[in-house]
Structure formats: C-alpha cells, structure tokens
Amino acid sequence: MTKKYLIKLGGEQLGEPIIADCILATGVRVNILRADADGRILIRFPKEHDTAVLKFLKGKGVEVSEQKNVVKHDPDRCVNCGACIALCPTKAFSFDKDRKLVYDEEKCVLCGICIDACPRRALSKPEF
Amino acid sequence: MAKTYAQINEKIRKGDAVVLTADEMIGYVEKHGVKKAAKEVDVVTTGTFGAMCSSGAWLNFGHAEPPIKFQKVWLNDVEAYTGVAAVDAYIGATQLSETEGFEYGGGHVIEDLVKGEEIELRATSNGTDCYPRKKIKTQFTLQDLNQAWLLNPRNAYQNYAAATNSSDKTIYTYMGKLLPNYGNVTYTTSSQLSPLINDPYLETIGFGTRIFLAGAQGFVIGAGTQHNTEVPRKNGVPLGGAGTLAVKCDLKKADAKYIKGGVFEKYGVSLYMGIGIPIPILNEEMAKRTAIKDEQIFTKVLDYSIPSRSRAGIKEVNYAQLRSGKIELSGKEVRTSSLAPLETAREIADVLKKWIQKGEFELTEPLEKYQKSTFKPLKHDVQYVKDVMGKAVTTGHESTVDQVSKLLIGRGVNHIPLIKDGRLDGIVTSWDVAKAVAEGKKKLEDVAVRTVITAQPNETLGIVAERLRKNGISALPVVDGHGRVLGIITSEDVARFVNKK
C-alpha cells in the first residue's frame, strides 16, 4: 500500500514553494491529494521514493507524518444505498456487481464530504 | 391463453408454480418471447427498498394501574400521536426526537422496536374520573404490546423524479446532499424491479393484495395518499411520482433487515421500508409489462434549488443512464447516486419468490381496484408575480443617456429594461443614469447592466422578495421562457402587497 503523508507547514514555510522544490530536487512525482489554507498538505508518491522525499522535507524543517487516518465505514450500519458514491471527489466508493458498497480506503483524503450524506450514519471521520 | 388467480394458487399449493423475479423475467421474455412467457410463467416478483417517509405504526400499550388516558406520549423522546382512545398511539416515521434532534426519530423507534430493543414510554394526562393517572414512565419491547401494526399511508411510489442542484451552494434535501452547480444527481427507485412499474396500470394490485412488507406478509389497503393516475407516461410508465400504496402488516412479524431508520441531513429522519409485490401473469399483456427494462423507464431530473412545488424538469433520462453512474447535464458529466439500495430490493424479490415456490404465500385478487385519481395542490392564499407586476418601460441600446434620463422622469420609473431583437438584454436604472451624468458618460452601453436578474410570472411573491433582498436590488424584469419582457416587479410592488395584507 502506498503511504500518504501529512505535511504541516507553519510560519515562514507557508510562503515557500516547498513541494515544488521537493519535486525539482528529488525528481519524484509528488501528488498533492489535498491542501488546506492552514498549511496542511496531504501528499502521496511512489513508495520506492520514501527516503528521498522524506529526507528532503525533513531537511527543510517541515513536519511530516504518515497519515493513516481515513473515513471509517461501518458495514453493519450501511444499507448499500450508494448516497456517498457520487459525492466522493476521489471516487473511494463504488458498487460491486451485486450492488454492495465497496470502499477503497486508500483513496480517502479525509475531506469528509460523505459523512453527513450517509442516511445510516455508517461513515465517521477521524481527525485529519 | 389467460390464467386466473385460482389456477395460479392451485399451482402454488402443488409446488408447481413458475415464479421469476422481475429481473429474471426480462431475460426470459428476451429468450422465449411474450407468448411463451405468458403461458409458462405464473408469477413475477418485484421488490423495492427505500426511504418512505409516509410510514408509521399504530401501537396499543394496554392499561396501567390505575389507568391513564394518554394525552401526550413519547417513545424514546419521540412524540407519538395519541388523539384517539386511551392507550393507542401512532408513531410516525419522520417525527424527530426532542432530545437528539435530527439524529433520531420515529423511523429509528420503529427500527429499534423490530430489533427487540427496550423503548422508554413516557406519557402525560390531565387525569379524569375514569382515567385518574396523570403520568407514567416505563420501558417496553415490541412483544409487550397488544397490537403493533405497521400502517403506512403512502409507500412504494411508482417512479420518482431524480434530483440535482443548479445553485451555487450545497443544499440538503430528502433527496440527499446535492452539491452546487449540478455537482451530483440522486435518484430513488428500484426501476425495473419496482412493484408499481411492473404493473403500471395497477391491474393486479388493489385493496386486499397480499404483499411482502418489511419482511412480513402484509396487505395493500388501498391507493396511497397523493395517488395520481394522470401523470404523462412513456412506455406505459409515468414520468415521475404517480401511483402509491397504502399498506399494513403486523409489525411483530417484521424483519429488521427490511425496516430501518434513516437520517437525511438538515431534512429529518425517515424509514427505509422493504416492499415486494407478486404480479400474477394472467395474460400476455402482464408478461410484456413485467419484462420492462431500465432503458425503457424514464424519469425527469428536477432542480431542487428552485424553492417551489413546481420545479422544472431539466432533462429526461432513463434508469440505465442513471445506474451507469453518470449522466450529461447542462454540458457536463455529472455523477449519479442511488438512495434506494438495489441489492436489498433484489433480495426482497428473491425472498418473495421463495415464499411462493414453497407454497407459503398465495396470491389474492384485489377486492377493489384503484380508481382514477389526481393530486391537487393545497388551497391557500398564494400571490404570483403576474398578479402584482407593473408594465415595463423599455428601450434599446441605441438610446443615449440623455434620452433615457428623460424617459425615467417622463414615465415616473426607476428601471428601464433594454431590449435587443425582442429579448431582454440589459437594464438601466436611475442610479446608473445619475452616475453617468456625474462621470460625464454619454453612451448607454457604458452604464447599462448586461447581466440581469429576472423573475417569472408564475413565481410567488415570497420567492421574489427574497431574490430582491439577496441581490440588494430594487426591481426584476419579468420574462417568459424566451426572454421576452412581460412586465417589471419592484420592491415597492412587493411591499405594497404585503402591507395591504
């Protein structure tokens, strides 16, 4: 599983093109999954480049941590209606051939858009 | 060759009945044709599972010692209606909890009852000579009740419009969360598996039809409320909500798998209800109708951002398109979501099929068929733009600022819509003219506003007042569907009417 990393930029770092610098310096295609105005950026990149990217970011004094949190799906509460499917910006939800809901946690970027749309309250969101 | 209910039931009793689900019937008719299907197939089972708000349960609690006549009653803090004798109450699916708000309601109380959970009963009364007790608080489960009838006035809508949102903010509706700028589309029917779509003229469904209801065997007790037979049809199926069912069963026999509470954010609570109806294949016509496919069933996509009961259909689509996960709307690809779990609808059609195959469920001929019926709007005092609007003074872009200022003064107006090729193409106000004079501008095009916010003749005054306020403007040209100016409505017109009232 490709890991997702949460970067927290603060102070002076907020004005710096740190991700761009990281890509230029390492040559790794870093994908920005989500970026918030408070300086939190969720990124993903091919896992063979873990060392290079993390070394660069840490070298710049950036706070980096692996983001394991994803929206939690409770299959016991879920009724497989699919209300979440068209809302999810990263297409983490889909139906299998029997119209049962399939949730691909790896795609979740914790935006939380699905949470209040679930009529069975089967989705919950941990901290980003 | 026609069959009768009695002949089909005879085969069911012998275990010889040929039963297919509505999904299976499609393939059968494609392979063998309608003639053979009508001869060989006895029953087609249908199924639907979706949020059906017009649902609830009549409960009888038995008498306390000393007895109380409930005047107000709450089940897990959700109020039930008790305006009948002593200890009967109706718990409605959409009633909200007085302590948990939108997160718990009547639908959840019914789910919890069916799951066998303990429910808190709280009741109050003035106390009478015959019912001296004034309050009571106790716990009960479904099995403690004398009667518990699931009794739903309007279920199993025959088709339903799909929903979208053209506005620039997210809206929350009973059709779910609708993202701005046509961000998504929601829809809610089991389409080719849906009961009233497989018998679109309700030839075999009516008062007394035995059905699968919430996992129990129940009955249709007549046409549901808002039943409407006069909706335009395509391939025999109404384009949107039309026929409905009133249904009843013993809640004690319900299965928690097929009856569950639901929350629609910022709208309220509801109850997911499972319904399955057997369609007897009495003749070729029924064989043909039960073989209907998603691509032959159409519905309209409505814009739920329009705050009116009559929302315009943006597009007509079929269910094969909706189920593909995306449709094209207003030039872009829009993703679609179902709100009604198709997987459970299939399961219901399958369970009903097995009941019939095993001889546990026989068909009933309706005692009374559905009558022609329409769905009328509420009679109340509603004022439309067309009743209040004034005549518009208009001009063209070729006019000068000087000419327009004379027109404003001469006609005693503050707004002049600009017309080009017979259609609205801008607006100029007395303020715009004053500004033009102050800045020394002579040409109208330098001051006119080209993007005009408008009203339509059949909009209500309330809607228009809100539009004026939201946009901080004082008048709206009234236009028809082709952009032709029919009149103008100003904030003074609206205020005058409100004051008169």
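Predicted model: local features only at pLDDT ≥ 70, side-chain atom pairs only at ≥ 80, totals over all residues.
Student: In what order do the four strands of the open sheet in chain A lie?
Tutor: The sheet is open and its strands pair in antiparallel fashion. The twist from one strand to the next averages 25°. Read across the sheet, the strand order is 2-3-1-4.

Student: Which strands of chain A stand at the edges of the sheet?
Tutor: Strands of a sheet pair through backbone hydrogen bonds, either parallel or antiparallel. An edge strand here has a single partner strand, so one of its sides is left without a neighbour in the sheet. The strands in that position are strand 2 (31-35) and strand 4 (63-66) of chain A.

Student: How many bridges join strand 2 of chain A to strand 3 of chain A?
Tutor: Strand 3 of chain A covers residues 40-44 and runs antiparallel to strand 2. Within this pairing, Ile32(A) stands opposite Ile43(A). The number of bridges joining the two strands is four.

Student: Which residue takes a positive phi in the hairpin of strand 2 and strand 3 of chain A?
Tutor: This hairpin has four residues between its strands. The phi angle in question is near 95°. The residue that adopts it is Gly39(A).

Student: Which residue in strand 3 of chain A does Leu6(A) stand opposite?
Tutor: Strand 1 of chain A is joined to strand 3 of chain A by five bridges, and the two run antiparallel. In strand 3, the residue opposite Leu6(A) is Leu42(A).

Student: At what angle does helix 2 of chain A run to strand 1 of chain A?
Tutor: Helix 2 of chain A comprises residues 50-59. The helix lies across strand 1 (4-8), strand 3 and strand 4 of chain A. Its angle to strand 1 is about 5°.

Student: Is Leu367(B) buried or exposed?
Tutor: Leu367(B) lies in the loop between helix 7 (342-357) and strand 30 (368-369) of chain B. With Phe207(B), Phe219(B) and Ile221(B), Leu367(B) makes a nonpolar surface patch of about 370 Å². Because its relative accessible area is 70% and the cut-off is over 50%, Leu367(B) is exposed.

Student: What distance separates the C-alpha atoms of Gly462(B) and Tyr384(B)?
Tutor: Gly462(B) belongs to helix 11 (residues 461-471) of chain B and counts as exposed at 51% relative accessibility. Gly462(B) and Tyr384(B) are 78 residues apart along the chain. The separation of their C-alpha atoms is 8.8 Å.

Note on methods
Residues numbered from 1 in each chain as written. Chains lettered and ligands numbered in written order. Heavy atoms only, no water. Patch = residues over 30% accessible without salt bridge, like charges linked within 9 Å, V, L, I, M, F, W, Y side chains within 5 Å. Areas by Shrake-Rupley, 256 points an atom, 1.4 Å probe, with all protein chains shown as cover. Salt bridge = Lys/Arg side-chain N within 4 Å of Asp/Glu carboxyl O. Buried < 20%, exposed > 50% of the residue type's maximum accessible area, 1.4 Å probe, protein only. Pairing = 2+ DSSP bridges. Axes fitted to C-alpha atoms, helices over the stretch in contact; angles between N-to-C directions. Contact = heavy atoms within 4.5 Å.
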